[in-house]
Amino acid sequence: MRGFRAALLGSAMAIASAIGLHGAAQTQTAPTLRVGMAAQDVGRLDPHFAVSTIDRVVVAWMFNGLVRFKPGSINPAEIEPDLAERWESSADGKTWTFHLRRGVQFHGGFGELTAEDVVFSLRKSGTAATSAFAADYRAIESIEAVDSHTVRIVLRENIPSVLGILTNYSGGYIVSKRAVEQRGDTFVRNPIGTGPFALDRVTPNQSAELVAHAQYFRGAPQIGRISYRFIPSDASRDLAFQNRELDLNYGRADQTWVNRTRAVPNTVVDVFEPGELAIISLNTRQPPFNDIRIRQAMAHAVNRSELVRFRGQDVAREGQSVVPRGYLGFSNDNGLLPADPARARALLAEAGHPNGITIRAIHTQLPEMLNMMQVVQQQLRRAGITLDLQVVEHATFHQQIRQDLSPMVYYSAARFPVADIYLTQFFHGRSRVRTPTAVTNFSHCDQADSQIDAARVSTDVEEQKRLWAEAQRILVQNVCGVPLIETLLVFARRDNLDYGYELRGSMSLGPLITEATRLR
Amino acid sequence: MTGFVLRRLLAAVPTLIAVLTLVFIIVRIVPGDPALVILGDQATPEAIAALRTRLGLDRSLWAQYFSFITSALMGDFGVSMVTGRSITAEVAAVLPHTLDLTIASMIFGVVVGVPVGIWAALNRNGVVDVAARVLSLLGLSFPVFVSGIFLLLAFSLHWRWFPVIGGADLSDYGDRLHKLVLPTIALGLIMAAYITRVTRSAMLQSLGEDYIRTARAKGVPWRRVVWVHGLRNASIPIVTVVGLYVGILLGNSVLTEIVFNRPGLGKIIVGALNQRDYTMLQGLMVIYCFLIVVVNLITDLLYGVIDPRVKAE
């Protein structure tokens, strides 16, 4: 027994020694930014296929657009030059000419950016087989290289924001033509861009490692590397942040989380735009919601201020229209019905349901969406509406709601901050689900199509805003959807991390790490 | 011996094909379109159709099945639908982490569970026995996501001995060992608890047999009676449980991987399921099936080592 104890002690000392020696060997030699993200893994790093939050955040560090949102802002009025140093448009707004910066280098020795790369990238973005955002580029008739550093884009028709589809967002990112052609299908995990950071490697299930792009055209980044860690467990990620193993941490849009994290020493919690607007779309073509009185009862049954209190005053705000606040064209002058459970009961009785009504709805098991829907379920109950939730796995939810299997659909989304995008995707007749041109119109509403279409091609900004406001009034009065709340993005960072700009918003859904970002 | 191993491996082929067929059917029955998951919610039906064609999902189910089975039998698992990377490469990158954790947890479970089980059996109904039974029950009752968080709070946050983020560089053995300690304890505790109970029960039965009484009557020292005569005869159920549990550890380590931020097969399979990455799921199933066959084979071989009668059969 004594021998056994000695062996055990010896083993323990050997392990302790290995651990101690290892700890001593861990020294930081270069400024590395360590980011924790709530995900199992990255998906596709070809920016034109980057649709999930985890992919969007990281591609924004690796790619540029012809133009960009000013870092820290999502205001389209603050779009500024990026790869294009200047541009001009024709009097009718249909021909746009962009003059590229000279000397912009791609990562990995793929050479200088030329007009060929821009033409290739935008054509790729507009092609369904090579981009998830092809629909955004339908209005483009042609893209051509005028010379090595000049690109001309001709539109079929005017669109609300030409610069919007050319920003550092979704399909607007510029890729290296040579790299795409050379790497083929493997480009999704070996992307080449012009951004301040280049992908070094992806370790499946673990991290994506990025290195500074020394030849970045705005100057070499002050951060040497980024270690983008995939940590799906909220608890573990928070512990890692508290343990100073992370400098930047993906947060939860939840007041308790925000309060608890703010109490961690040397920590800053950033809450920023865009807000994701949650709407319950009501299928106006199917019973029971083909009766407007039942839709109105639903609208009166929902109490938005309670929902905001549930999610948190710092991270959520009431939805005021079927378009998120702050988007160009947003209007809250739309006659949104107030919370009034008694009026809801009266409307149900008028519609032939004096004892209330039961509605069966499909919903996702994602906790943040399920929690909110359960609160709505309680509010509806007070108005005599029993919500029978059929909870399914998230991918199943997305498939089934597109098959019209749920008469009401809870959907939360942020889009490019112009009213047209939200109105078109969610409330235009062309976007109705189960049609060849479907996007996410679950309500099947088409009452505001003419206003949406007219606003899209209008060149008069004031007229455009008037039409968008009218469209919102029509959709709200028809109760095509019941807006709930807008939830903002939340990240926590150590106070020695300086972004180099004031973070008020980010279209990439995460803080932009630029050449100016530094660890003090 | 070689003939036995070959026969067992050949016998596993029909099992493998049956499992693959089931997996192929199940992943396609489950609702959820991989093309929609990959392209996101703004994709048009046109884009979804284009991607389905590119992924080969527009082919008939028979064509997809035949192509999958023939490729799998030739050892080609294809590429992930989501990342485009070779499935073999994806698995090879994380398999060492899974094997590290499985083997370390198994060793921990055996090293702790067997002596404690024997000790409890030798002190039947005594303080040690009651303590071992209560502790093993507690060990079985604590899920990894609870014990794991407690371990992280104590050893990472309070004492700062270990990092919260696991997943070491495979070429750095010190780092690998360092980051293996807490997950091994969390997962190994459950296994140790299980082995303790099985060992205690098997030893109690073994120590009550006639040959033990005979050995004692012949004057064999007690330590030798326990460790050689008693334990060897109690080993068959222990080895069976360890074999079974290793299979469970291989498949169920996902929670440990998530809590301790380690890469591993469990996390890949959950990710593949969420993203409806059919090819990845199918490839992983083949690998899991193969690992389970190997574990069962080793267990069978160990039976022969422990009990000469099994070897003779």
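This is a predicted model: local features need pLDDT of at least 70, side-chain atom pairs count only at pLDDT 80 or more; totals for chains, interfaces and linings use all residues.
## Chain B: a chain of helices

The secondary structure of chain B consists of 15 helices and zero strands. Along the principal axes, the C-alpha atoms of chain B fill a box of roughly 85 × 55 × 35 Å, and 40% of its 313 residues count as buried. When contacts in chain B between residues at least 6 apart in sequence are considered, 73% of them join residues that are at least 24 apart.

An unreviewed UniProt entry lists residues 9-30, 101-122, 134-157, 177-196, 234-255 and 285-306 of chain B under "transmembrane region".

## Helix α9 of chain B

Helix α9 of chain B covers residues 181-207 and bends by about 35° at B:G188. Is this helix largely enclosed by the rest of the structure or largely open? Of the 27 residues of α9(B), 22 are buried, so the helix is largely enclosed by the rest of the structure.

## Chain A: helices and strands together

Chain A contains 14 helices and 19 strands. Its C-alpha atoms fill a box of roughly 80 × 80 × 35 Å along the principal axes. A compact globule of 520 residues would have a radius of gyration near 24 Å, and the value of 25 Å for chain A agrees with this. Buried residues make up 52% of the 520 residues in chain A, and among its contacts between residues at least 6 apart in sequence, 70% join residues at least 24 apart.

For chain A, an unreviewed UniProt entry lists residues 78-430 as "domain: Solute-binding protein family". Over those residues the chain is 27% helix and 26% strand in the model, and the end C-alpha atoms are 31 Å apart.

## The largest nonpolar core

The largest nonpolar core has 224 residues, and the residues with the most contacts inside it are A:V58 and A:L423. The largest share of this core, 14 residues, comes from α9(B). Leaving aside residues up to four places away in sequence, A:V58 touches A:V42, A:L45, A:A208 and A:Y228.

## Where the two chains meet

How many residues does each chain bring to the contact? Chain B supplies 47 residues and chain A supplies 46 residues. On the side of chain B that touches chain A, at least two residues each come from α2 (34-39), α3 (45-55), α5 (87-122), α7 (144-158), α8 (173-178), α12 (254-259) and α13 (265-274) of chain B. Sorted by class, that side of chain B has 24 nonpolar, 14 polar and nine charged residues.

## Backbone details in chain A

Two peptide bonds in chain A deserve a careful look. The bond from A:E273 to A:P274 is cis, with omega near 5°, and A:P274 belongs to strand β12, which covers residues 267-282 of chain A. The bond from A:P287 to A:P288 is also cis, with omega near 0°, and A:P288 is found in the loop between β12 and α7 (292-301) of chain A.

Positive phi values occur at A:N205, with about 70°, and at A:H444, with about 65°, although neither residue is a glycine. A:N205 is placed in the loop between β8 (197-203) and β9 (207-212) of chain A, where it is buried, with 26 other C-beta atoms within 10 Å. A:H444 is placed in the loop between α12 (419-427) and α13 (449-457) of chain A, and with 22 C-beta neighbours inside 10 Å it counts as buried.

A:R138, in the loop between α3 (115-125) and β6 (140-147) of chain A, is partly exposed, with 13 other C-beta atoms within 10 Å. A:R138 and A:R156 are 18 residues apart in sequence, and their C-alpha atoms are 8.5 Å apart in space.

Conventions: Residues are numbered from 1 along each chain as its sequence is written. Chains are lettered from A and ligands numbered from 1 in the order in which they are written. Two residues are in contact if their C-beta atoms, placed from the backbone, lie within 7 Å. Helices (H or I, at least four residues) and strands (E, at least two) are DSSP runs, numbered from the N terminus. Ala, Val, Leu, Ile, Met, Phe, Trp, Tyr, Cys and Pro count as nonpolar, Asp, Glu, Lys and Arg as charged, and the others, Gly among them, as polar. A residue is buried if 20 or more other C-beta atoms lie within 10 Å of its own, exposed if 12 or fewer, and partly exposed in between; C-beta atoms are placed from the backbone. The bend at a residue is the angle between axes fitted to the seven residues ending there and the seven starting there. The radius of gyration is taken over C-alpha atoms; the globule rule is 2.2 Å times the number of residues to the power 0.38. A nonpolar core is a set of buried Ala, Val, Leu, Ile, Met, Phe, Trp, Tyr and Cys residues joined through C-beta atoms within 7 Å. UniProt positions are given in the numbering used here, feature names are shortened, and annotations may be inferred rather than shown by experiment.
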